[in-house]
Amino acid sequence: MLSIHSFAQLKNLHFDPPNAVVHVGGTLSIELTLVNLMPIAVNVDHIAINVHFSIEKNSYRKTAEWLTKHKTSNGIINFPNEIVGVSLSRSGLQGLELYEMYERSPSDNSLNTTGIICKNVHMLLRRQESSSSLEIPIGQTLEDGAHILKCSNLILEPGINKITFRTQGKEPGTYTLRQLCLSVGKMQFVLLHIYPIVQYDIYSQEPQLKVEPCTDSLLAGIPQKVKFTVTIGHYTIKSGDALQLSNADAMPVLYHPESKAVIYSNTQEKISEASLTVQSSEKITSISLPMVPAYHVITFELEVLYSPSVPICMMENENLASKECRKKGKEKETSHNSMTTIDQKVTIDCPWSIYSTIISLTFSVPFKAKHSLLSAGIRKYIQVCVQNMSEICFQFSENNLKSSDIYKDLSLQPLNPKAEQHIYSKQAIFFVWELKWTKELPPTLQCIFSMNFCSALSEDHSFSLKPYTYEFQLENFFTLYNVNAEISPPLGAEYCKTGSLCSLEVSITRLLDLLYVDKDEALTETDGYCTTKLMYEVVDDSSNWAVCGKSSGVISMPVAVQATHKVHMEVMPLFAGYLPFPDVKLFKYLPHHSAHFMQLDADSWIENDNLSVDKNMDDQADNSSIKSRGSIHSTASAEHKGLPMPRLQSFSPGQVFNSSSGMQILVIPSKDDHILEVNVT
């Protein structure tokens with residue numbers, strides 16, 4: 001047993017495939033480049049590589065892509081001329097000192113014989129010392145090793161020689177090339193340590209299915225391409241194997257006859273194409289797979305269509321929201337500036353598993369819809385706003401708004417053009433309907449808005465698209481009260497002037513008889529005559545008017561048609577010009593023992609030092625001085641003393657109509673002379 005360095009030198013090693021990763025049953029080629037240091041060709045009985053096999057925990061989870069990350073790109077490993085860290089003295093093998101020998105005839109100096117002699121034969125053939133060596137005898141390792149790569153009956157020519165080993169993957173794991181042995185007759189030339197470390201991997205891959213969008217995001221409402229990638233692994237696709245997709249009503253699978261499936265090898269080399277067959281029934285969509293041997297990849301693309309819709313939403317009453325709720329609402333509104341996303345789950349049954357695979361596709365809804373209730377006295381209008389949140393253009397047609405079938409006496413008359421409309425990116429379109437009725441209005445009204453749409457750039461409209469739907473519900477939307485304000489100039493004056501007191505008359509008129517919504521704690525009934533407590537408040541947020549005297553108060557309002565209550569007060573215009581009227585707000589005034597209330601923030605409480613909530617409210621309400629909102633300190637003191645406090649409840653949107661909203665009055669400047677001092681420096 002001699003060192004290989006006296007006979008040959010290992011230059012490099014080349015793997016095929018280059019990533020040194022093959023599946024079970026695959027073939028791996030290892031090409032060694034050996035330099036024969038002998039001057040003549042040498043017959044080698046066999047060349048063997050001792051391979052160490054190891055298997056890691058959960059190695060079956062490692063895919064070919066994961067194993068490839070740790071390999072060289074070209075599959076070539078070069079070896080240095082000298083083995084770093086391994087000396088001959090440590091290995092116990094002495095190098096051969098070989099010299100050429102020539103014998104010539106003494107008479108004519110002709111060459112009789114030639115040969116090779118070894119000058120250090122006495123060192124090589126001496127008796128081996130009995131010492132504890134860390135190395136296992138090579139002969140025993142090669143004979144007993146379970147994993148050996150071997151080539152037999154070779155001729156090594158002087159110089160560079162290439163030897164190819166081929167092995168077939170049987171057991172998954174990592175294989176490390178440890179030792180190299182050349183056998184020439186009874187002599188063995190051994191390389192104890194192959195350095196740097198050389199490894200190849202054999203894997204057994206489970207079948208996998210991956211479904212991913214072909215674009216950055218999937219858009220609901222228009223056909224979108226989805227890529228299916230079937231990594232077969234150790235499974236063999238047979239005739240009749242198919243993927244069974246459970247049909248979702250909101251996401252049908254669209255099939256085109258020209259669809260193809262592309263078959264790749266495990267090294268991502270395209271092998272062939274096959275036609276794809278898709279059959280759909282009421283509950284199942286079946287995708288037939290082409291017959292493919294193990295360890296191949298099948299890819300194909302299909303179109304899916306998700307129908308966007310918005311569930312029922314209640315109209316929010318912003319007037320009753322506390323500061324914390326308003327803050328949360330703003331954050332929610334900010335997040336809604338982008339498209340809403342919906343996860344659609346699909347169950348797929350694969351032929352290689354008894355278990356179903358559940359995938360999730362995320363769709364972005366391109367539209368954002370909202371509704372509002374518009375009032376003109378007792379006339380009601382419903383407005384729906386649809387905004388295009390995507391980057392593409394759409395075409396709208398056949399917009400429609402329907403109410404529940406249980407309301408036979410209601411009708412919605414559209415005020416919209418019937419022609420098709422284009423909506424561009426970030427653009428909004430408004431639709432309006434007038435609500436008409438013949439009998440008593442219901443307490444709630446459930447509406448469904450729908451419209452047909454398609455991409456403005458699409459030319460193929462052969463597929464059937466479901467309309468975009470938006471469901472919402474209106475509550476207590478009928479007009480209960482009409483509030484009207486009139487401002488009159490001072491007596492004897494034709495116009496209002498800045499700095500002069502003007503008369504403000506506020507008229508509150510009941511428009512409907514007693515309804516279900518009126519039956520709360522504020523309602524008082526005596527001999528069939530019903531009254532309720534209301535609170536009015538006159539405020540001017542634009543600071544154009546100064547409200548003089550009492551700006552708010554509590555009234556007892558009869559619940560009868562055309563019942564009217566008038567309030568008089570004085571206001572002073574602060575600026576000249578056409579000034580808008582001050583705002584008049586109306587609230588329900590609930591007693592302190594009311595169980596039905598919404599807690600307001602501190603500046604929404606009303607304190608009345610002289611008002612007794614439990615008794616004599618009608619007589620004292622108009623004569624007492626009711627402070628406007630903002631009396632936080634007094635309210636806190638009353639709560640601290642344990643005094644019962646009345647509560648305010650805002651009306652639902654549309655229940656109070658302010659007929660003087662938006663009106664203006666001309667205010668002329670005062671004729672008083674003013675001195676304007678100007679300092680010029």
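Strand 36 and strand 47 (residues 664-668) run parallel and are joined by 2 bridges, where strands are DSSP runs of E with at least two residues, numbered from the N terminus, and two strands count as paired if DSSP finds at least two bridges between them. The model is a predicted one, in which local features need pLDDT of at least 70 and side-chain atom pairs count only at pLDDT 80 or more, while totals for chains, interfaces and linings use all residues. Residues are numbered from 1 along each chain as its sequence is written, and side-chain values use heavy atoms, with hydrogens and water left out.

**The sheet around strand 47**

- K497 has I668 in strand 47 as its bridge partner.
- Strands of a sheet pair through backbone hydrogen bonds, either parallel or antiparallel.

**Strand 28 and its partners**

- Strand 27 (residues 367-376) pairs with strand 28 in the antiparallel sense over 10 bridges, and F367 stands opposite N388 in strand 28.
- The hairpin of strand 27 and strand 28 has 2 residues between the strands, and in this hairpin G377 takes a positive phi near 70 degrees.
- Strand 28 also pairs with strand 32 in the antiparallel sense, over 8 bridges, with L435 in strand 32 as the bridge partner of K380.

**Salt bridges**

- The structure has 4 salt bridges, each defined as a side-chain nitrogen of Lys or Arg within 4 Å of a carboxyl oxygen of Asp or Glu.
- One of them joins the side chains of E434 and R379 at 3.0 Å, N to O; because E434 lies in strand 32 (residues 428-437) and R379 in strand 28 (residues 379-388), the pair ties together parts that are 55 residues apart in sequence.
- Within this pair, E434 counts as buried at 8% relative accessibility, whereas R379 is partly exposed, with a relative accessible area of 43%.
- D241 forms a salt bridge with K238, with the closest N and O atoms 3.8 Å apart; D241 is buried at 11% relative accessibility, while K238 is partly exposed at 43%.
- E273 forms a salt bridge with K270, the closest N and O atoms being 2.9 Å apart, and E273 is partly exposed with a relative accessible area of 45%.

**Cysteines**

- The structure holds 0 disulfides, a disulfide being a pair of cysteine sulfur atoms within 2.5 Å.
- C151 is buried, with a relative accessible area of 14%, and C530 also counts as buried, at 7% relative accessibility.

**A surface patch and a buried threonine**

- Y99, M101 and I117 form a nonpolar patch on the surface, with about 240 Å² of accessible area together (areas come from the Shrake-Rupley method with a 1.4 Å probe, and for residues only the protein chains shown count as cover).
- Such patches are made of residues with over 30% relative accessible area and no salt bridge, with like charges joined within 9 Å and nonpolar side chains (Val, Leu, Ile, Met, Phe, Trp, Tyr) within 5 Å.
- Y99 is found in strand 7 (residues 98-104) and is partly exposed, with a relative accessible area of 40%.
- T285 lies in strand 22 (residues 284-288) and is buried, with a relative accessible area of 2%.

Definitions and conventions
Buried means under 20% relative accessible area, exposed over 50%, partly exposed in between (1.4 Å probe, protein chains only). Helices (H or I, at least four residues) and strands (E, at least two) are DSSP runs, numbered from the N terminus.
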